[in-house]
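My notes follow in the order I looked things up.

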Amino acid sequence: SEAATPAAGVPQQIRSGLFADINMGGFFTLGGKNRDNESAPSNPQAYLQLGIGYDISKNFALAGSFGLGSSAASCFAEVNRNGRCVSTVDGTSTEMADNLTVTMFALEATYKHALTERLTLQPRLNLGYASLDPEPRPGVTGGLIAGLAVGIEYATHMDHFSIGADVYGRYIVGPNIFSMAIYPKVKYTF
């Protein structure tokens, strides 16, 4: 029998440094009321988040992100007898939107806890600002956001690419709206 040449190569290094990610999944809000005037989560809607960041060390990263989600069929004012979302001031009722867009700009700090060489658990803190359009209550167009997330990420054998999934909870201070986003993610490290 003939001897074969052993496979030669250099082990693939997991990249770190400047990265960008794209995340698409589902989004809903809590704290509103449905048309029956009962507290209920909004109807789930599509969610998009784009981010850019930098791995400060093997276990720590900082990033900025832009997120876009919608709250559907959830009233953050009052629900009248006819099931309409209204705000009543001095006896005058104004109809309010029960569907709104939540646009978020935030900074994130991530801790990466290695489960295996390529798989990490990633708790994350998030601070930023959320814009609400149309306003859910008179004069409320947005507020500061604070959030916590837990994610998992796998550094694939395709150079530069990682995949993962996150569950994100954010609280919008002022209008007191809690939002949840659940999404898979794709990350490219330059």
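**Ground rules**

I am working with a predicted model, in which local features need pLDDT of at least 70 and side-chain atom pairs count only at pLDDT 80 or more, while totals for chains, interfaces and linings use all residues. Residues are numbered from 1 along each chain as its sequence is written, and side-chain values use heavy atoms, with hydrogens and water left out.

**Entry: the largest pocket**

I looked up open space next. A pocket here is an open set of points on a 1 Å grid over the protein atoms alone, with protein on both sides within 12 Å along at least five of seven lines; a cavity is a set where a 1.4 Å probe fits but cannot get out, and lining residues have an atom within 4 Å of a point. Points are joined across faces, edges and corners, and a volume is the space filled by probe spheres set on them.

The largest pocket comes out at about 550 Å³. I find 27 residues lining the pocket, and Ile-14, Arg-15, Lys-58, Glu-117 and Ala-155 are the closest to its centre. Two or more lining residues come from each of strand E9 (119–133), strand E10 (142–155), strand E11 (161–172) and strand E12 (177–189). For my labels, strands (E, at least two residues) and helices (H or I, at least four) are DSSP runs numbered from the N terminus. E10 gives the largest share of this lining, three residues. By class, I note six nonpolar, twelve polar and nine charged residues around the pocket.

**Entry: closed cavities**

How many cavities of 30 Å³ or more are there? I get two. The largest cavity holds about 120 Å³. Its lining has 17 residues, with Phe-19, Asp-21, Thr-110, Arg-124 and Lys-185 nearest the centre. E1, E3, E7, E9 and E12 each supply at least two of the lining residues. I sorted the lining of this largest cavity into five nonpolar, four polar and eight charged residues.

The second largest cavity has about 50 Å³ of space. Among the residues lining this second cavity I wrote down Lys-33, Arg-35, Cys-75, Cys-85 and Asp-98. Its lining splits into four nonpolar, three polar and four charged residues.

**Entry: salt bridges**

Side chains of opposite charge can pair when their charged atoms come close. My cut-off for a salt bridge is a side-chain nitrogen of Lys or Arg within 4 Å of a carboxyl oxygen of Asp or Glu. That rule gives eight salt bridges.

I checked Lys-112 and Asp-55 and got 2.4 Å, N to O. This pair links distant parts of the chain, 57 residues apart: Lys-112 sits in the loop between strand E7 (100–111) and strand E8 (113–114), and Asp-55 in strand E2 (residues 45–55). Are these two buried or exposed? Both Lys-112 and Asp-55 are buried, where buried means under 20% relative accessible area, exposed over 50% and partly exposed in between (1.4 Å probe, protein chains only).

Then I followed Glu-153. Its side chain meets that of Lys-185 in a salt bridge at 3.3 Å, N to O. Lys-185 lies in E12 and Glu-153 in E10, so this pair ties together parts 32 residues apart in sequence. Glu-153 also forms a salt bridge with Lys-187, with the closest N and O atoms 3.2 Å apart. Lys-187 is in E12 as well, so here the tied parts are 34 residues apart in sequence. I looked up burial too: Glu-153 counts as buried at 7% relative accessibility, Lys-187 at 4% and Lys-185 at 6%.

**Entry: strand pairing**

I count two strands as paired if DSSP finds at least two bridges between them. Strand E1 (residues 18–30) and E2 pair in the antiparallel sense over ten bridges, and Ile-22 has Leu-50 in E2 as its bridge partner. E2 also pairs with strand E3 (residues 60–71), antiparallel over eight bridges. A hairpin of four residues joins E2 to E3.

Methods: Nonpolar A, V, L, I, M, F, W, Y, C, P; charged D, E, K, R; others polar.
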